[in-house]
Amino acid sequence: MAHLICGIDLGAFSVKFAFLDVGFRATTLRGFMETAVPAGDAPLIERQAEAVREGFAQAREATPYFALPGDQLSVRVMQLPFADARKIDQVVGYELEGQIVHSLEDVVFDHLIVGQGAEGSTVLAAAAKRDDIAALIAATEAQGTHPRAIYAAPVVYRTLLPATAPAEPEEGAAPPPCRLVLDLGHARTNVCIVRNGETVYARTILRGGLHLTQAVSRAFEADHSRAEQAKRSDAALLPTDTPASTPLAAKLDSVLREGLAPFMRELRQTLASFRGSVKAEVGDVLVTGGTGRLRGLLPYLEAELGIPAHFLAFRAVLGQDAKGAGAEEGAEAPPAFAAES
């Protein structure tokens, strides 16, 4: 008998829900839903919990699983000079403590072994403050939602990109290409690099669509709501060889590029760090998240990074005809449904 589960992504602008029927032999995606986080002076976690309650009320029989926002996590890649899994379990906490600002007693942590060779192992570890975990559980349980499990949002994208190469490749065969999942959210962006179905690198960049809205607000001396509306309806990144049709379009393009500059600088640094530590290249970029709706974003990323960019198409990935709430017949699930927005 199938069991309904609900994956819940806590964003600063909205909370996303993915509903799946999990059976003994098959998992079926039932659909997506998005609920806006209400405005107000209450702490963000409390307002997110209200959005969770509103969305989850439509599927009370589901078991909820949460993705912890990336800005509440420390994600580190560690090189260890041995391959024994039990030994890695014993030392990863001590290695992690030297790389994070909090005491090991104050955090919850876990790790993945993402690579092994003659020189040892590459380990991806994630840690979160116990207080943040407790606050999330308390806020959601106060609204009647009881998390079954909590995952680290920046590292779970591997489940959407299954392995394509054989477990034991032929001698001399080129390694499978790495793929960069770029989840562009409202206040933050999750970066996850996947190779053959395994996460090999992940981090969170504390920039997103909110910073573009603020750039538009400053440039046009507009209030936040008007700037947000302009970003969503009027703004676009223009191709470099295409002149702007109006002075407004030209100015918006300039403002967006200026607003994206700090983000792109951090993204390039992230890719350089990945190449230096993992010794691999990224073959393409898969874009999702609410800010992924920005017009002209894919050609902009391709021009800036020199890497092909596409939307992460969930129906193609999952092999099912799943739609978000209100989607038109035959329409692709919108790019907002990932881990942050």
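Start with helix H6, which gives the most to the lining of the largest cavity, with three residues. Keep in mind that this is a predicted model.

Now select the whole lining: Leu-184, Arg-207, Gly-208, His-211, Leu-212, Gly-259, Leu-260, Phe-263 and Thr-291. The space they line has a volume of about 60 Å³, and a search of the whole structure finds one cavity of 30 Å³ or more. What classes of residue line the largest cavity? Colour by class and you'll get four nonpolar, four polar and one charged.

Next stop: aromatic rings. The structure holds three aromatic pairs. Pick Phe-17 and Phe-19: their ring centres are 6.3 Å apart and their planes sit at 5 degrees, so this pair is stacked. Phe-17 counts as buried at 1% relative accessibility, and Phe-19 counts as buried too, at 8%.

Then jump to Tyr-201 and Phe-274, an edge-to-face pair with 5.7 Å from centre to centre and 75 degrees between the planes. Tyr-201 is in strand E11 (residues 198-205) and Phe-274 is in helix H6 (residues 247-278), so the pair ties together parts that are 73 residues apart in sequence. Are Tyr-201 and Phe-274 buried or exposed? Both are buried.

Last, look for charges over rings. Select Lys-251 and Phe-220: the charged end of the lysine sits over the ring, 4.5 Å from its centre. Finish with Lys-87, whose charged end sits over the ring of Phe-82, 4.6 Å from the ring centre.

Notes: Residues are numbered from 1 along each chain as its sequence is written. This is a predicted model: local features need pLDDT of at least 70, side-chain atom pairs count only at pLDDT 80 or more; totals for chains, interfaces and linings use all residues. Side-chain values use heavy atoms; hydrogens and water are left out. Rings of Phe, Tyr and Trp (its six-membered ring) pair if their centres lie within 6.5 Å; planes under 30 degrees apart count as stacked, over 60 as edge-to-face and the rest as tilted. Buried means under 20% relative accessible area, exposed over 50%, partly exposed in between (1.4 Å probe, protein chains only). Helices (H or I, at least four residues) and strands (E, at least two) are DSSP runs, numbered from the N terminus. A charge sits over a ring if NZ of Lys or CZ of Arg is within 6 Å of the ring centre and within 35 degrees of the ring normal. On a 1 Å grid over the protein atoms alone, a cavity is a set of points where a 1.4 Å probe fits but cannot get out, and a pocket is an open set with protein on both sides within 12 Å along at least five of seven lines; lining residues have an atom within 4 Å of a point. Grid points are joined across faces, edges and corners, and a volume is the space filled by probe spheres set on the points. Ala, Val, Leu, Ile, Met, Phe, Trp, Tyr, Cys and Pro count as nonpolar, Asp, Glu, Lys and Arg as charged, and the others, Gly among them, as polar.
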